[in-house]
Amino acid sequence: MLSIENGGKFFGCLMGRLPVEEVRLSVPGKEDCIIAKSEKKGVGLMSAENMEYLTIALPKGKVFGKAAELFKKIGYTAEGLSDKSRKLIITNRDKKIRFIITKTADVPVYVEYGAADIGVIGKDVLLESAKDVYELLDLKIAKCHLMMAVAKQAKRAHLADYANTRVATKFPHIAAEFFNSKGMQMEYIKLHGSIELGPIVGLSESIVDIVETGTTLRENDLEEYAFIADATARLIANRVSFKMKFDRISKMLEDLRAIIG
């Protein structure tokens, strides 16, 4: 750790020019700040107060309730914790816990940049975002999987028969990884709504999407063609937070493993 008694090197630290992972800035009459340099994103600024808190990012939607229930079982909760709350940050001051409630796709962003120490996110979103975070634990909730599906009436005999065709998907990165691993060049069309429409209206020959029960596929005469990956919810951590708050995060992991089995 490097302690700086004046501001002379402050901006050098912020720009990542000093080869240190942690710098403490001491300014007369002000609270000390720890400047933590991550391996990828440069510098995050943590006040001494923030060091006392563990900040958890939770996604709105169906994963929220299951994740909040898991945390509650190990003593991590706060009054008014709900994805319906108008408050975006909910704090338990006694236990030094802070919850950030955000859109699903933003959880890995908050964690990567250190705005949250840990987060809960589906494996599908984690793979697609390709963020530089630690994946700590499979929480075994929100079970579903990523797959390729095609129209039943236009189903082709072999996977290779779909080479050089169009794929509609919310997950172009995952889709490209999958087809590249099969030696297949494809055209990727990113959609944000009902992916199943792609083959139905002739936009694409196949889709890559996440599926839980397969009901929507069946109701639209689509058929799962190839399995890509399981996509349960995962616990992720900021790389610097994992080092600086190791004892607390490790205890959380131990407690979660005990109830997950």
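**A friendly note on this predicted model**

1. Ile200 sits in helix 7, which covers residues 197–200.

2. Together with Leu197, Val201 and Leu203, Ile200 forms a nonpolar surface patch. The accessible area of these four residues together is about 340 Å².

3. Next, have a look at Ser204, in the loop between helix 7 and strand 13 (206–211). Is Ser204 buried or exposed? With a relative accessibility of 4%, Ser204 counts as buried, because the cut-off for that label is under 20%.

4. What surrounds Ser204? Leaving aside residues up to four places away in sequence, Ser204 touches Arg166, Val167, Ala168, Gly198 and Pro199.

5. Helix 3 (residues 62–73) deserves a visit of its own. Its buried residues are Val63, Phe64, Ala67, Ala68, Leu70 and Phe71. Viewed down the axis of helix 3, these buried residues fall within an arc of 160°, so they line one face of the helix. On the face turned away from that buried side you will find the exposed residues Lys62, Lys72 and Lys73.

6. Which elements do the buried residues of helix 3 pack against? Their partners are strand 5 (54–59), strand 7 (97–102), strand 8 (118–122), strand 15 (233–237) and helix 10 (246–260). After helix 3 comes Gly75, with a positive phi near 90°.

7. Finally, step back to the protein chain as a whole. Its secondary structure comes to 10 helices and 15 strands. The chain has 261 residues, and 45% of them count as buried. Taking the contacts between residues at least 6 apart in sequence, 60% join residues at least 24 apart. The accessible surface of the chain is about 13800 Å², and carbon and sulfur atoms account for 50% of that area.

Technical notes
Residues numbered from 1 in each chain as written. Predicted model: local features only at pLDDT ≥ 70, side-chain atom pairs only at ≥ 80, totals over all residues. Heavy atoms only, no water. Patch = residues over 30% accessible without salt bridge, like charges linked within 9 Å, V, L, I, M, F, W, Y side chains within 5 Å. Areas by Shrake-Rupley, 256 points an atom, 1.4 Å probe, with all protein chains shown as cover. Salt bridge = Lys/Arg side-chain N within 4 Å of Asp/Glu carboxyl O. Helix = DSSP H or I, 4+ residues; strand = E, 2+ residues; numbered from the N terminus. Buried < 20%, exposed > 50% of the residue type's maximum accessible area, 1.4 Å probe, protein only. Arc of directions from axis to C-beta. Contact = heavy atoms within 4.5 Å.
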